Amino acid sequence: MNAEEIKVWLIAHIAEAMHIDRSAVDSREAFTSFGMSSRDAVALSGDLEELLGRRLQPTLAYEYPSIDALAGHLAGASKKRSTASQSEISQGISQEPVAVIGLACRFPGARDQESFWHLLRNGVDAISEVPIDRWPAQAFYHPDPSVPGKAISSWGGFLDRIDQFDPFFFGISPGEAEGMDPQQRLLLELSYEAMEDAGQVKEHLTGSDTGVFVGISVNEYSLL
C-alpha cells in the first residue's frame, strides 16, 4: 500500500474507533488530539499489522504521532531511523490540550507550595518530635523493637493545623467532619486551593471538560 492508501485507512479506522466523523480527523494532528489513549495506540499498531501483513512495533503511534507521519513511514517514503526525531515528538506533545495551571500541597513544615519550595531550596529537615497535641510520645516509646505496642522513635513528619478544618465552608456538619478520615478533609481543602491557585471558579467548571484525578493512600483511619 502507498502512503495515500494507508492515510485513508487510518482516517477511517480512527474515526470509527473514536466515534467521530471522518471529516473531523485531520491527518496533520497528533493522535492524542482525537482522544486516543495508550491502549488505543497499541491496538492501532496491531490492526496495522493485519492490514499490512508484517510485524510492527507497538510504539509506532508515539514515534510517528500523526496520520501523515505514520503513513509516510509505513509506505517507506521516509528514510529516517525507526525512532522519530525529537521535533516530531515535541510537535505531537505541543498539540496536547493539557496544562498544569494550579496546584496545592501539604507537607511536614510546609502548608503550601511556596513554603515547600523554601524547604527544598534551603535544605530544611522537616522531621520533628511528636507534637504534644498528637499523642504522648514517651508513653508509646521504647528502644526495644520487640516490645509490643510501642514505637522505637518519637520523631516523624507531621502536618500542622490538621484540626482546623472548616466544615461549614464545604457544607458539612461538624459531627460528620469529626468522623471523616483526615485525608478526606485535606483532599477537600487542597482541591479548593488548587482551583483557587489556578484562578478557577467552581461554578464555571460545571458541565465543562474538567476532570478530577485523585491519588490517595491507605484508609486505616476507618478501622480506628
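This briefing walks through the charged and aromatic side chains of the structure above. Keep in mind that the model is predicted. The count of salt bridges comes to 5, and the structure also holds 5 aromatic pairs.

**Salt bridges**

- Next, find Arg28 and Asp26, which form a salt bridge whose closest N and O atoms are 3.0 Å apart.
- Are these two partners buried or exposed? Arg28 counts as exposed because its relative accessibility is 58%, whereas Asp26, with a relative accessible area of 24%, is partly exposed.

**A salt-bridge network**

- Glu189 and Arg106 form another salt bridge, and their closest N and O atoms lie 3.4 Å apart.
- Why does this pair tie together parts that are 83 residues apart in sequence? Glu189 sits in helix α9, while Arg106 sits in the loop between α5 (86-94) and α6 (113-122), so the contact links those two parts.
- Both Glu189 and Arg106 are buried.
- Arg106 and Glu189 also belong to one network with Glu193, joined by salt bridges that share partners.

**Aromatic pairs and a cluster**

- To read the next points, remember that a pair of aromatic rings is described by the distance of the centres and the angle of the planes.
- Among the 5 aromatic pairs in the structure is the one made by Phe169 and Phe170: the ring centres are 5.0 Å apart and the planes meet at 80°, so the pair is edge-to-face.
- Phe169 is partly exposed, with a relative accessible area of 46%, and Phe170 counts as partly exposed at 26% relative accessibility.
- Phe169 has another partner, Tyr192: this pair is edge-to-face, with 4.9 Å from centre to centre and 90° between the planes.
- Phe169 lies in the loop between β2 (155-156) and α8 (174-178), and Tyr192 lies in helix α9, so their pair ties together parts that are 23 residues apart in sequence.
- Tyr192 is partly exposed too, with a relative accessible area of 29%.
- Which residues form one aromatic cluster? They are Phe165, Phe169, Phe170 and Tyr192.

**A negative patch on the surface**

- Finally, look for Asp112, Glu114, Glu196 and Asp197, which gather in a patch of negative charge on the surface.
- One of these residues, Asp197, is found in helix α9, which covers residues 182-197.
- Asp197 has a relative accessible area of 38%, so it counts as partly exposed. Patch residues need over 30% relative accessible area, so the 38% of Asp197 is enough on that point.

Note on methods: Residues are numbered from 1 along each chain as its sequence is written. This is a predicted model: local features need pLDDT of at least 70, side-chain atom pairs count only at pLDDT 80 or more; totals for chains, interfaces and linings use all residues. Side-chain values use heavy atoms; hydrogens and water are left out. Patches are made of residues with over 30% relative accessible area and no salt bridge: like charges are joined within 9 Å, nonpolar side chains (Val, Leu, Ile, Met, Phe, Trp, Tyr) within 5 Å. Accessible areas come from the Shrake-Rupley method with a 1.4 Å probe; for residues, only the protein chains shown count as cover. A salt bridge is a side-chain nitrogen of Lys or Arg within 4 Å of a carboxyl oxygen of Asp or Glu. Lys and Arg count as positive and Asp and Glu as negative; His and the chain ends are not counted. The place of a charge is taken as NZ of Lys, CZ of Arg, CG of Asp or CD of Glu. Helices (H or I, at least four residues) and strands (E, at least two) are DSSP runs, numbered from the N terminus. Buried means under 20% relative accessible area, exposed over 50%, partly exposed in between (1.4 Å probe, protein chains only). Rings of Phe, Tyr and Trp (its six-membered ring) pair if their centres lie within 6.5 Å; planes under 30 degrees apart count as stacked, over 60 as edge-to-face and the rest as tilted.
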